[in-house]
Amino acid sequence: MISLSELTQLFVANGWLNALLQGSVVTLQISAGAFVLGLGIGLLVALIKLKGPRWMVRLANFYTTLYRAVPELLLILLLYYAGTDLLNMAMAAMGRDSVTVNGFIAAVLVLGIVQGAYSAEIIRGAIQAIPVGQLEAARAFGIERWLLVRRVLLPTMLPFAMAGLSNLWLVLVKDSALISIVGYSELLSVGKQAAGSTKHYLVFYLAVAAMYFIITLVSNGAFRVLERRINRWMPQH
Amino acid sequence: MQKLIKTLAAGCLFSILANHATAAEKIVFGIALEPYPPFSEKAGNGAWSGFEPDLIQALCQRLQAQCPLKEVSWDGLIPALQSSQIDVILNSMSITEERQKVIDFTAPYYQTPAMWVADKSMELVTTPEGLKGKLIGVQGSTSNATYLKVYYSKGSTLRYYNTQDDMTADLQSGRIDVMLADALTIEPLIKSAAGSGLADKGLAPKDPLFGSGIGAAVRKGDDNLRQQLNTALAAMKADGTYDKIRSRYFSVDISAQ
């Protein structure tokens with residue numbers, strides 16, 4: 001068993017607590033970036049699927065199918081390594097120097113694109129759950145298209161989408177750990193380094209697990225508040 | 001909002017383009033983010049230490065280059081090298097035929113030596129003649145086993161084990177007379193209380209049968225950099241810099257033949 005003084009030595013004096021906290025911040029940054037990007041893509045794709053021209057619907061269906069089918073880890077590897085290769089080939093063809101892709105941007109991009117595919121389906125389902133009469137009523141009042149989306153469709157869709165989206169966020173926080181493959185120092189990779197350098201595997205893996213758990217608890221609380229606000233006009237059962 | 005987007009876009013573009021300015025004198029060394037003490041380990045403040053980071057630093061002083069370390073997961077090292085995100089892998093990567101198909105290696109900069117270990121009281125001459133009639137333990141399917149098979153199988157009896165632990169246990173209980181083991185893993189055991197009855201009986205001589213060792217990897221065809229590294233490594237071995245760094249972490253000689 002490890003003693004308390006050893007623990008404080010490891011976490012405080014050796015600076016690993018600080019490193020882990022920084023890792024959690026990076027994890028949250030990646031997740032937040034990808035979540036926002038995913039919501040944007042998801043909303044767009046959902047609207048296309050419901051109202052777009054035939055060829056765009058096909059494209060949207062292809063996108064959601066493909067990105068839900070391929071493992072995120074593979075996508076990260078593809079975008080980060082193969083993508084950089086392609087980019088450099090293109091740069092070389094244009095006579096430019098080679099470039100390096102920032103790991104953070106790659107992470108947000110890949111996870112955001114994958115999130116987009118999942119959230120598109122959630123948002124599409126939520127929009128379809130809106131009673132048709134409400135939209136018809138809005139149209140009858142002469143509300144024009146984008147105002148209708150912004151003031152009627154989005155707010156009435158959100159209560160149906162919230163549960164799915166908050167679930168997606170939690171999955172995303174954990175998926176962000178996949179980005180450690182490209183050497184980005186998020187929570188899990190910092191934990192691995194701490195464990196490998198100090199040989200206190202159990203201690204650090206448990207600490208990392210605890211941090212993910214805390215992130216989940218806090219996000220649950222935040223989503224509960226948000227949900228209460230968004231659901232405020234829904235009929236109470 | 002628009003301003004924010006513009007700033008963000010400019011930031012992204014900058015971070016993509018920022019790295020090419022000083023490409024000439026900058027060599028990016030890739031290091032697995034999973035620490036491998038004592039070859040590489042990381043402190044809580046983010047600083048790397050260990051045999052390999054020290055070696056990289058000394059190499060760069062000699063090459064008068066700027067050498068940032070870039071952390072990549074072990075699995076990602078070769079792809080990162082191929083996609084030019086790093087220029088060199090100096091991270092305990094064994095030179096193997098499969099890897100040589102996709103990347104080029106420098107001459108080996110270390111090799112795990114094989115060490116003869118036996119009971120403290122045992123007097124041994126570890127030549128094939130000296131070990132005639134003895135029972136020798138070795139881990140199966142290793143280069144050590146190949147070496148023994150070629151030079152020792154005529155006069156001595158070889159016993160193959162699956163794990164180092166099984167072999168050590170049999171040596172301690174006297175079922176084998178001597179074992180040929182990986183020096184870097186067995187040395188800490190001999191020094192510990194658990195292995196106090198055992199003693200180092202010398203290293204096996206360097207031999208091609210022990211494999212090609214561990215080299216620094218560069219992109220295929222990056223011969224200029226490979227030559228530079230080879231020259232610098234050879235010079236560091238010649239003037240004692242290598243040994244000075246090595247002795248900080250290992251008491252046995254791990255330089256390649």
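Reader: Thanks! In what order do the elements of chain A run from the N terminus on?

Author: Starting at the N terminus, the elements of chain A read α-α-α-α-α-α-α-α-α, and the count for this chain is nine helices and zero strands. Helices here are DSSP runs of H or I with at least four residues, strands are runs of E with at least two, and both are numbered from the N terminus. Before going on, please keep in mind that this is a predicted model, where local features need pLDDT of at least 70 and side-chain atom pairs count only at pLDDT 80 or more, while totals for chains, interfaces and linings use all residues. Residues are numbered from 1 along each chain as its sequence is written, and chains are lettered from A and ligands numbered from 1 in the order in which they are written.

Reader: OK, and how many helices and strands does chain B have?

Author: Chain B has nine helices together with twelve strands. Its C-alpha trace spans about 80 × 35 × 35 Å along its principal axes, whereas the trace of chain A spans about 70 × 60 × 25 Å.

Reader: What share of each chain is buried?

Author: In chain A, 34% of the 237 residues are buried, and in chain B buried residues make up 34% of the 257 residues. A residue is called buried if 20 or more other C-beta atoms, placed from the backbone, lie within 10 Å of its own, exposed if 12 or fewer do, and partly exposed in between.

Reader: Back to chain A, then. At what angle do helix 2 and helix 3 pack?

Author: Helix 2 (residues 16-51) and helix 3 (residues 54-69) of chain A pack at an angle of about 135°, and their axes are 8 Å apart. The two helices of chain A are therefore oblique to each other, since angles under 35 degrees count as roughly parallel, over 145 as roughly antiparallel, 65 to 115 as roughly perpendicular and the rest as oblique. The axes are lines fitted to C-alpha atoms over the stretch in contact, with angles from 0 to 180 degrees between N-to-C directions.

Reader: Which residues meet there?

Author: From helix 2 of chain A come Val45(A), Ile48(A) and Lys49(A), and they meet Met56(A), Val57(A), Ala60(A), Tyr63(A) and Thr64(A) in helix 3 of chain A. Contact means that the C-beta atoms, placed from the backbone, lie within 7 Å. The residues of this contact between helix 2 and helix 3 of chain A divide into six nonpolar, one polar and one charged, where Ala, Val, Leu, Ile, Met, Phe, Trp, Tyr, Cys and Pro count as nonpolar, Asp, Glu, Lys and Arg as charged, and the others, Gly among them, as polar.

Reader: And how do helix 2 and helix 5 of chain A cross?

Author: The axes of helix 2 and helix 5 (residues 103-128) of chain A come within 5 Å and cross at roughly 40°, so these two helices of chain A are also oblique to each other. Their contact has 18 nonpolar, seven polar and two charged residues.

Reader: New topic: how many residues of chain A touch chain B?

Author: There are 26 residues of chain A in contact with 27 residues of chain B. On the chain A side, helix 2, helix 4 (72-93) and helix 8 (187-198) each supply at least two residues, and the largest share, five residues, comes from helix 8 of chain A. By class, that side of chain A has eight nonpolar, 15 polar and three charged residues.

Reader: Where is the cis peptide bond in chain B?

Author: The bond from Pro37(B) to Pro38(B) is cis, with omega near 0°, and Pro38(B) sits in the loop between strand 1 (29-32) and strand 2 (41-42) of chain B. In general, most peptide bonds are trans, and most residues other than glycine have a negative phi.

Reader: What is the phi of Gln64(B), then?

Author: Phi of Gln64(B) is near 50°, a positive value in a residue other than glycine. Gln64(B) lies in the loop between helix 2 (51-63) and strand 4 (69-72) of chain B.

Reader: Is Gln64(B) buried or exposed?

Author: Gln64(B) counts as exposed, because it has 7 C-beta neighbours inside 10 Å. Ala114(B), in strand 7 (residues 114-119) of chain B, is buried, because 25 other C-beta atoms lie within 10 Å. Leaving aside neighbours within four places in sequence, the contacts of Ala114(B) include Asn144(B), Tyr147(B), Leu180(B) and Phe210(B).

Definitions and conventions: Contact = placed C-beta atoms within 7 Å.
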